[in-house]
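Please read them with the structure open beside the text.

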Amino acid sequence: MKYVVVTGGGMSGLGKGVTSSSVGVLLQACGLRVTCIKIDPYLNIDAGTMSPFEHGEVFVLQDGGEADLDLGNYERFLDVTLTSDNNITTGKINRTVMEKERRGAYLGKTVQVVPHVTDEIQDWIQRVAHAPVDVCVIELGGTVGDIESCPFVEALAELSYRVGDFCLIHVSHVPVLSAVGEQKTKPTQHSVRTLRSLGLAPNILACRSNSPLEGYAREKLARSCHVSSGSVLSLHDVGKNVWRVPILLRDQKAHEAVLRVLNLDVKEPDLKEWTARAELFDALVEPVRIALVGKYMGLTRINKDAYFSVEKALLHASVALRKKLAVDWVPAEDLEDGTAQEVIVRKGADGILVPGGFGDRGVEGKILAAKHARENRIPYLGICLGMQVAVIEFARSVLLDMQDANSTEFDAETKNPCVVFMPEGSRTHVGGTMRLGSRRTYFHHNDHHDVGCMAARLYGNVSYVDERHRHRYEVNPEMVARFEEAGLWFSGRDESGERMEIVELGEHPFYVGVQFHPEFKSRPGKPSPVFTGKTQILIN
């Protein structure tokens with residue numbers, strides 16, 4: 001097994017995830033089989049209990065693992081399916097070590113960070129990185145020198161001696177001081193010095209900067225950090241088109257630098273399809289505007305990371321349809337004073353998307369957004385909570401005796417509970433207690449009304465589809481018949497037929513809600529059918 005480890009120094013947010021994914025794409029293009037591991041040094045078992053304000057979205061894996069959004073980057077860039085074992089956290093490692101200690105697995109020895117914790121980290125990595133994979137790309141989260149990452153740095157240093165074929169890429173910032181006007185290399189030098197003091201030496205430097213790395217800066221870094229000038233890579237800004245990053249690395253022969261360290265002799269990378277997609281992205285002109293009505297938007301800035309996969313799925317769909325995506329970020333709370341129509345009309349949205357979320361803040365604004373889309377025949381896609389608010393809004397507006405309809409998540413005493421707590425959920429524990437991971441949805445056709453066929457057609461008229469879930473509440477099955485009599489059809493259900501998965505509205509151009517999260521399986525070149533929408537039917 002060959003290992004590529006990506007670390008970061010100086011500051012967070014340098015793009016280690018995109019760098020790791022791009023290196024993986026480049027190695028894949030050389031004909032190698034690649035997997036990825038993300039190491040998160042936090043004490044949480046996983047990202048599932050973290051606020052989106054704190055850590056961005058929770059990416060749901062096929063097996064139900066709740067992980068950092070970088071796992072989504074890996075899956076999208078490499079078109080692979082990862083599991084919860086591909087995400088290592090301090091919490092997972094410590095739990096495993098403590099469970100072994102309680103079983104007496106250490107035979108009475110004093111349990112210590114070295115060797116027990118560091119051995120567990122290495123064993124975990126080697127368990128995940130096995131045949132038929134050729135290369136395992138490991139991203140170490142956080143910043144080198146952080147106290148919480150020290151056990152992982154030590155474990156990786158030991159692993160480098162154990163396995164031999166080990167290439168370390170260090171991502172660091174090369175700033176330009178406006179008063180001086182030159183690229184400063186000292187932050188990277190200090191970062192590498194810290195890395196070396198912890199037992200790791202970089203083979204390649206990936207330098208983040210606003211503009212391409214100057215020759216003098218490249219030579220200075222090569223000399224002071226003890227790497228060849230060909231191993232100093234410029235990762236300068238590529239604007240909004242991150243698909244340019246693998247091409248940027250290829251043009252600098254990054255693959256040759258990595259393959260040289262790993263003692264591999266393979267073909268030149270073939271990025272024809274990848275390059276064509278990146279060029280198409282840059283060439284798009286005709287816009288499509290989507291109003292994304294979310295609740296995880298701060299007062300001072302839009303927290304786009306909370307909806308990272310949703311935005312990427314919209315991008316995949318828009319590029320496939322040759323449209324330039326423009327997302328209007330609409331805080332749900334801004335709509336609660338009754339100005340939903342005014343706000344959304346002013347933005348000129350071609351479609352409205354209401355994504356998932358938890359808690360009652362902003363929910364009334366989401367309900368008003370669904371109402372505006374329904375009444376004005378604007379294409380609407382509701383995901384998870386976005387499906388539930390569409391059901392609540394329909395009950396309030398169309399079923400005349402249900403003006404107080406609600407979810408028991410927001411009003412436990414509501415007399416018309418359209419959305420209820422799932423029986424298998426836990427009210428006392430929050431970590432990993434939801435309906436998680438890939439579940440099967442069967443398409444359910446309506447023989448009495450001209451509705452219920454759109455969802456199946458979107459997916460190519462298959463009988464079922466597997467999508468990923470993350471929710472605690474579901475549409476109340478006792479009210480389904482009443483909704484369907486009024487024209488709101490549940491065209492996708494689970495294997496029992498009791499759990500509602502897809503809802504759609506007849507007599508509307510496109511009004512669809514899904515309980516699952518289709519954004520997690522969307523890929524560049526393979527957009528999710530519900531994101532391409534009705535156009536998908538025309539394509540098929």
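1. Which side chain meets that of Arg361 in a salt bridge? The partner is Glu333, with a separation of 3.0 Å from N to O. Since this is a predicted model, the distance should be read as a computed value. Arg361 lies in the loop between strand E12 (351-354) and helix H14 (363-375), and Glu333 in the loop between strand E11 (324-331) and helix H13 (340-347), so the pair ties together parts that are 28 residues apart in sequence. Arg361 counts as partly exposed because its relative accessibility is 29%, and Glu333, with a relative accessible area of 38%, is partly exposed as well.

2. A salt bridge in another setting is the one between Asp70 and Lys38, where the closest N and O atoms are 2.9 Å apart. Asp70 belongs to helix H3 (residues 69-78) and Lys38 to strand E2 (residues 34-40), so this contact joins a helix to a strand across 32 residues of sequence. Asp70 counts as buried because its relative accessibility is 12%, which falls under the 20% limit, and Lys38 is buried too, with a relative accessible area of 3%.

3. Arg435 and Glu501 also form a salt bridge, their closest N and O atoms being 2.9 Å apart. Arg435 lies in strand E16 (residues 435-443) and Glu501 in strand E20 (residues 500-505), so the pair ties together parts that are 66 residues apart in sequence. Both Arg435 and Glu501 are buried.

4. These pairs belong to a total of 30 salt bridges in the structure. Besides the pairs described above, there is a network of salt bridges that links Glu75, Asp79, Arg468, Arg523 and Lys526. As background, side chains of opposite charge can pair when their charged atoms come close.

5. Lys220, found in helix H8, counts as partly exposed because its relative accessibility is 39%.

6. Some points of backbone geometry deserve a careful look. Most residues other than glycine have a negative phi, and most peptide bonds are trans. The peptide bond from Val114 to Pro115 is cis, with omega near 20 degrees, and Pro115 is placed in helix H5 (residues 113-128). His226, although not a glycine, has a positive phi of about 65 degrees; His226 is found in the loop between H8 and strand E9 (232-236), and it counts as exposed because its relative accessibility is 58%. Asn263, likewise not a glycine, has a positive phi of about 60 degrees. Asn263 lies in the loop between helix H10 (254-262) and helix H11 (272-283), and it is exposed, with a relative accessible area of 58%.

7. Finally, there is the matter of annotation. An unreviewed UniProt entry lists residues 2-264 as "domain: CTP synthase N-terminal". In the model, the end C-alpha atoms of residues 2-264 lie 9 Å apart, and the span is 43% helix and 17% strand.

Notes. Residues are numbered from 1 along each chain as its sequence is written. This is a predicted model: local features need pLDDT of at least 70, side-chain atom pairs count only at pLDDT 80 or more; totals for chains, interfaces and linings use all residues. Side-chain values use heavy atoms; hydrogens and water are left out. Helices (H or I, at least four residues) and strands (E, at least two) are DSSP runs, numbered from the N terminus. Buried means under 20% relative accessible area, exposed over 50%, partly exposed in between (1.4 Å probe, protein chains only). UniProt positions are given in the numbering used here, feature names are shortened, and annotations may be inferred rather than shown by experiment. A salt bridge is a side-chain nitrogen of Lys or Arg within 4 Å of a carboxyl oxygen of Asp or Glu.
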